[in-house]
Amino acid sequence: MFELIKVEDKEEWNKYLSQCINVSVFSTWEWGEFKSNSFEVIRLAVLKKERFLGLAQITLKSKFGLSFGWAPGGINFINQSDLPSIISSLESYFDFRRTVVRFSFSDEYSSNSSYLFSQVNDLKPALVKVNSGFSIKHAINIETPVLSSFSKNNRYYYRKSLKEELSFEIKSAELEEFSVVHDEMVAIKGRSDLQLSQSEFQLLLDTHSDNVKMALVRNSRGEILCASILIVFSNVAIYYLAGSTQEGRERHASFFMVHELLTNLNEFGISDFDFGGITPYKADAAGVNRFKLGFGGRLIEYIGERDYTKSWFLRALFNAYIGYILR
């Protein structure tokens, strides 16, 4: 009744993906190519009597006869009610007694969606999450002044930044320019775990071509004070990486940059800005949470990360490993 197809052609993948209602940048062919340097990338589409139902892009690593997969784009479908059938069809490709796949669903949480996802046997909420499951989205609307949605704190620091003779631009991303800012930020925070892999960043640029943009704020001397990397997919821009120098922090350049992004992204055909995740349950994330929430936008809770396997032991092992590397 169901047919599982391994898709190995970019045009075919994009044809299927364009029909889905819950696509993210992590579902795209380009993201899979970005990850193919470190993982086996498997792209599977499910059909029923030649009618397309949905697909999944899974990055996989195998060791000692066990396989560990990650699908950062979740499962993409035409109709959410087909989710159980799509997941069941994956069992004809994977032996889920020896395989666990972490699906990161960007479907918005609701009582209905939660009920549906909970009905899928062996699809369990992650024990140890990598991402919080929360994000902030902004509709880019040139008719409404963005400052009106800022918190009192963010309005204050944005207005202070206006006294600093700052300039803003959006351009194609360049490794050297962004590295200068990001490396200084890592040094200021003393967070070597945030160190930018130049080879990985260059691979991101190579696989995504013109779909990676960089927003820059400069001082009056032309020096970069802060920068952010945006991945563009269709009419959506995703806030992927960011950094600020010490001078940028002192001049509140990040407040200026986000205001200008929300004001100018429409010039690039962007109607939605995904400001990325916040982590409400981590005390050390309070500053970032306050910064991001202070620009307004719509706070979204996703279905989030769920593991699919037939083995409780493999699920426990997988989550224990993730907890270890996140320490």
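A residue is called buried here when its relative accessible area is under 20%, exposed when that area is over 50%, and partly exposed in between. The structure described with these terms is a predicted model.

E177 forms a salt bridge with R218, with the closest N and O atoms 3.4 Å apart. This pair links distant parts of the chain, for E177 belongs to helix α6 and R218 to strand β10, 41 residues apart. E177 has a relative accessibility of 17% and therefore counts as buried. A second salt bridge reaches E177 from K171, where the closest N and O atoms are 3.0 Å apart. K171, at a relative accessible area of 21%, is partly exposed.

Other charged pairs extend this picture. The count of salt bridges comes to 17. One of them joins the side chains of E200 and K35, at 3.9 Å from N to O. Because E200 lies in helix α7 and K35 in helix α2, this pair ties together parts that are 165 residues apart in sequence. Both ends are partly exposed: E200 has a relative accessibility of 39%, and K35 has one of 22%. Elsewhere, a network of salt bridges links E164, R221, E223, E247 and R251.

Helix α7, which carries E200, spans residues 198–208 and has F201, L204, L205, T207 and H208 as its buried residues. The cover over these residues includes α2 (29–35) and α6 (175–189), together with the strands β10 (212–218), β11 (224–233) and β12 (236–244). After the helix comes S209, which has a positive phi, near 55 degrees.

The nonpolar interior comes next. In soluble globular proteins, nonpolar side chains tend to be buried together. In this model the largest nonpolar core has 30 residues, and L261, L265 and F273 are those with the most contacts inside it. At least two residues of this core come from each of β9 (167–172), β10, β11, β12, α9 (253–264) and β13. Helix α9 gives the most, with seven residues. Apart from this core lies another, of 24 residues, among them V46, I87, F105 and V120.

What surrounds F273 in the largest core? Beyond its neighbours within four places in sequence, F273 is in contact with I136, K137, H138, I140, L230, A237, Y239, L261, L262 and L265. Among these partners are L261 and L265, which F273 joins as the residues with the most contacts inside the core.

The strand pairing can be followed from β8, which covers residues 134–139 and pairs with β14 (residues 298–308) in the antiparallel sense over four bridges. Within β14, E301 is the bridge partner of F134. Strand β8 also pairs with β13 (residues 272–277), again in the antiparallel sense and over four bridges. There, D272 in β13 is the bridge partner of A139.

With 0% relative accessibility, F103 counts as buried. Its contacts, leaving aside neighbours within four places in sequence, are A56, I58, A71, G74, I75, L90, L123, G304, E305, R306 and Y308. F103 and R298 are 195 residues apart in sequence, and their C-alpha atoms are 23 Å apart in space.

I21 provides an example from a loop, placed between α1 (10–17) and α2. Is I21 buried or exposed? At 58% relative accessibility, I21 counts as exposed. Not counting residues up to four places away in sequence, I21 touches F77 and I78. I21 and I78 are 57 residues apart along the chain, while 5.6 Å separates their C-alpha atoms.

V130, Y321, Y324, I325 and L326 make a nonpolar surface patch of about 510 Å². One of these residues, Y321, lies in helix α11 (residues 312–325).

How values were computed: Residues are numbered from 1 along each chain as its sequence is written. This is a predicted model: local features need pLDDT of at least 70, side-chain atom pairs count only at pLDDT 80 or more; totals for chains, interfaces and linings use all residues. Side-chain values use heavy atoms; hydrogens and water are left out. Two strands pair if DSSP finds at least two bridges between them. Patches are made of residues with over 30% relative accessible area and no salt bridge: like charges are joined within 9 Å, nonpolar side chains (Val, Leu, Ile, Met, Phe, Trp, Tyr) within 5 Å. Accessible areas come from the Shrake-Rupley method with a 1.4 Å probe; for residues, only the protein chains shown count as cover. A salt bridge is a side-chain nitrogen of Lys or Arg within 4 Å of a carboxyl oxygen of Asp or Glu. Buried means under 20% relative accessible area, exposed over 50%, partly exposed in between (1.4 Å probe, protein chains only). Contact means heavy atoms within 4.5 Å. A nonpolar core is a set of buried Ala, Val, Leu, Ile, Met, Phe, Trp, Tyr and Cys residues joined through side-chain atoms within 4.5 Å.
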